[in-house]
Amino acid sequence: MLIKYLASFILILIITGCGGSDDESSSTNFSLSGNILVGGNTARDGDVNDIGTRELSNNNIYEAQPIPNPVILGGYVNQAYSGPDGRFYEIGDWDDFFAVDLRIGQIITLFVTNQNLLGNDLDLALLNRNGLILNASVGDGKTENIVVPADGHYFVQVQAHSGASNYVLTIGQNTYSNSTGMRLSDDFVPNEAIVQPSPNIQSLDNRFTIQSSDSSRRMLVSLNTLSTQSTTSKFITPELEDKYNTLMEIKRLRKDGIAANPNYEWKLLQTTPNDTLYRHQWNHSIIELPQAWDFTTGDSSVIVAVPDTGVLLGHPDLENKLVPGYDFVRNRYTELDSDFGIDTNPNDPGDQLPGGSSFHGTHVAGIIAAQSNNNEGIAGVSWNTSIMPLRALGKGGSGTEYDIEQAIRYAAGLPNDSGDLPTYPADIINLSLGGGAFSKGTQLLMEEVRNKGIIVVAASGNENTSIPMFPASLDSVISVGAVDINKQLASYSNYGSYLDVVAPGGDNTPDVNGDGNPDGIISTMGSDVSDKYVQLEFSYNYAMGTSMAAPHVAGVISLMKAVNPNLTPQDVDDLLASGRMTDDLGDSGRDDKFGYGLINARKSVVAASSLNSGGQVVLPVAPPLLVVNPKSLNFGLNTTSTSLSLNNYGDGDLEILDISDNSGGFLVVYGNGVGDYTVTVDRSALAAGTYTATITITSSVNIVQVPVILQVSDSGSDTSGDAGLHYILLVDPGTLDSIQEIQTEVRNGSYYFRFDDVIAGEYIIASGSDSNNDGFICDEGEACGAFSTIYQPTTINVKNSRSNIDFSTGFNVNYQSQAVGKAVTPPQRGFARLVKKRKLAK
């Protein structure tokens with residue numbers, strides 16, 4: 001997400017084209033139109049407090065609302081006389097029931113957005129098809145979780161135990177645990193298995209020899225007959241072939257009704273982080289970060305500076321990763337921290353965006369180097385790199401060119417307005433910010449920084465245009481575009497001749513891997529908006545944009561500096577141009593969409609090390625390993641085709657031996673060898689319901705299993721997503737006052753809008769739901785979107801009519817919030833509707 005900033009003469013991001021035709025006119029009144037897209041697995045609670053919505057009661061199992069699986073659903077429940085005035089204030093809406101087909105091992109999560117405020121507490125329950133409770137999660141925190149015990153049709157109940165709250169309910173595949181998969185790369189004893197006693201075990205005893213005599217528990221057996229489905233020439237070593245044949249025999253035993261597993265050898269896996277949200281970090285896998293961590297997890301002597309909105313210095317995933325920084329926001333009207341000028345405290349006080357502050361710098365810093373393997377939150381690209389927090393953006397996520405220049409100068413150890421220099425200058429500077437114009441002095445500064453050996457990385461921009469954005473387009477700066485989970489150029493990402501490289505930036509609309517969460521980039525975050533009482537909370541949340549892509553590259557370069565402290569900006573330029581840091585995407589070689597390709601952490605670390613050793617790679621050679629992305633697939637209700645990428649994330653040769661699935665025919669996988677595959681689904685012979693399958697890819701090194709889930713709807717039913725009634729607002733970017741309002745329901749997966757009689761000037765466009773009927777859209781738990789991203793709305797300079805102003809919407813939630821315990825100045829809670837409180841007509 002590219003932060004707009006104000007230059008010395010107040011630079012604001014101006015959209016010169018929105019992908020549609022512009023009506024050049026001498027008229028003073030114009031029109032603005034577009035579509036707001038919603039993900040196909042998005043659903044809304046049928047009975048919320050907003051009196052403008054159509055009510056679809058779901059108060060018991062007989063009125064249970066059917067929902068898709070996987071799903072991201074926004075809703076609202078309340079006890080009588082709790083919460084804002086609205087449809088259910090007096091009578092209450094105690095329970096919401098949802099009917100859904102579930103599969104074993106799926107995770108149901110309830111995010112309570114206003115927990116423990118004024119006694120608000122929601123509970124989650126799972127009921128069988130007869131309405132009997134099978135399990136319930138009744139804590140008093142922000143999240144409730146239930147794991148599905150078996151395949152079947154269920155009811156999910158959300159109940160207001162006390163008070164009132166918006167909520168987000170998600171159902172997704174458990175992509176973290178892979179306990180049923182068997183891989184050659186796993187450590188296990190060849191020719192052995194552990195089996196569970198069963199009635200038919202005696203009829204199969206000629207295939208194994210029992211080594212333990214107690215038949216009341218699992219037994220160790222030696223396998224007497226092994227499958228011979230392979231030849232030595234297909235494997236690197238005979239030992240690997242023995243392991244492969246062992247797994248094949250275990251599969252045969254399973255087909256014959258014997259619960260058999262390999263006899264695994266366990267050891268501590270130092271380079272596999274135990275962070276609780278790591279399972280949602282798909283972005284690490286597609287750039288080979290786990291393989292890079294086998295070589296290095298970074299070095300605390302390497303410093304990445306983050307000139308941005310500041311950083312939440314007390315965030316538990318960042319507080320031990322920071323070196324001293326500085327606050328260069330000098331304007332008393334935009335600094336928001338009451339220090340009246342620049343100071344030594346780079347803590348982020350919030351930028352008071354509608355709907356809550358962005359805490360943009362905190363999100364960026366977490367991507368680079370969140371504290372990792374600490375059983376909390378996320379893992380950073382580098383586990384040990386240090387962060388220099390620098391505050392240069394204030395209210396509204398804006399700042400001046402001059403303030404940003406002072407932050408860059410400080411980071412580089414150059415003279416600056418603080419009159420101070422850091423003890424150790426930064427090695428890398430990440431700039432997830434920019435604008436549409438620059439002064440010559442900025443280019444000279446970038447050259448001065450480069451001459452000091454400091455590497456500058458910047459976000460290319462989020463306008464889906466080839467028009468240069470700055471500083472990313474300047475010489476001496478690495479310009480970073482964004483890709484999604486399928487390694488496709490993100491819909492918002494800027495491109496062009498100046499683009500150097502791409503990295504994961506995410507997309508919050510789809511849920512390709514079916515984990516019940518958007519495919520954005522999750523990182524450290526804060527929350528400073530709630531109900532009546534406002535407290536700062538440390539949390540985690542998804543964001544998308546080139547602002548998220550750039551810190552991936554900065555983090556990877558910090559890993560390179562860990563193995564080669566002498567790495568120079570020219571070294572990085574040369575390695576990029578040679579393809580030694582990237583996986584080529586798009587046209588062969590460099591192209592304007594992907595630059596030199598997708599950053600690859602393992603390749604980058606190896607390349608940096610080879611420079612350090614005079615061309616000889618001193619790092620240990622990584623054995624070949626088949627890695628598949630995404631880790632799982634979600635076809636939802638209407639997707640018929642998606643991509644699957646098979647890659648060798650190691651050295652040496654790897655051969656794809658077999659690709660199979662257990663779908664019974666509704667899945668087809670197209671492709672050959674290592675590379676990109678297409679997976680299609682045929683629903684024509686399937687009855688309505690939820691279906692799962694597993695794609696098994698067998699290589700000469702290891703076996704990878706990819707869970708697949710899809711739904712089939714009843715004939716004629718609507719299969720598109722629905723985020724509820726939306727209020728689309730035309731907003732003054734200076735005052736954040738709403739000027740026009742459109743109310744609209746979803747149609748075929750999108751919300752169409754058109755503002756007429758718009759006077760020439762500058763505007764932002766925002767949209768969202770108002771489930772609790774408090775008069776503001778974009779509260780936590782409500783749908784929210786803005787052009788071009790909600791995290792930093794883009795100012796549109798209206799000089800003529802525009803069309804195709806398209807963006808996305810989705811439900812807003814923070815993950816794993818932790819209250820700091822101090823009150824903060826409450827920002828405007830969201831974008832205000834023109835009529836803030838809508839009372840039900842008597």
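Val112 touches Leu122, Gly141, Lys142, Ser165 and Asn166, leaving aside residues up to four places away in sequence; a contact here means heavy atoms within 4.5 Å. Take Lys142: Val112 and Lys142 are 30 residues apart in sequence, but their C-alpha atoms are 4.9 Å apart in space. Val112 sits in strand E7 (residues 107-112). Helices (H or I, at least four residues) and strands (E, at least two) are DSSP runs, numbered from the N terminus. Is Val112 buried or exposed? Val112 counts as buried because its relative accessibility is 0%. The cut-offs are under 20% relative accessible area for buried, over 50% for exposed, and partly exposed in between, with a 1.4 Å probe and protein chains only.

A word on what you're looking at. This is a predicted model, where local features need pLDDT of at least 70 and side-chain atom pairs count only at pLDDT 80 or more, while totals for chains, interfaces and linings use all residues. Residues are numbered from 1 along each chain as its sequence is written, and side-chain values use heavy atoms, with hydrogens and water left out.

Now zoom out. The chain has nine helices and 46 strands, and buried residues make up 61% of its 842 residues. Of the contacts between residues at least 6 apart in sequence, 74% join residues at least 24 apart.

How far can you trust the picture? pLDDT is the predictor's confidence in each residue, from 0 to 100. Its mean over the chain is 85, and 87% of the residues reach 70 or more. Over residues 229-234, though, the pLDDT is below 50, and it stays under 50 over residues 177-181 as well. Where pLDDT is low, the predicted coordinates should not be read in detail.

On a 1 Å grid over the protein atoms alone, a cavity is a set of points where a 1.4 Å probe fits but cannot get out, and a pocket is an open set with protein on both sides within 12 Å along at least five of seven lines; lining residues have an atom within 4 Å of a point. Grid points are joined across faces, edges and corners, and a volume is the space filled by probe spheres set on the points. Of its 43 lining residues, Asn541, Tyr542, Ile790, Tyr791 and Asn812 are the closest to its centre. Which strand gives the most to the lining of the largest cavity? That's E44, with four residues.

The second largest pocket has a volume of about 750 Å³. Pro66, Ile67, Pro68, Leu637 and Asp718 are the closest to its centre out of 31 lining residues.

The peptide bond from Phe470 to Pro471 is cis, with omega near 15 degrees, and Pro471 lies in the loop between strand E22 (455-459) and strand E23 (478-483). Ser476 is also found in the loop between E22 and E23. Its phi is near 75 degrees, a positive value in a residue other than glycine. Ser476 counts as partly exposed because its relative accessibility is 22%.
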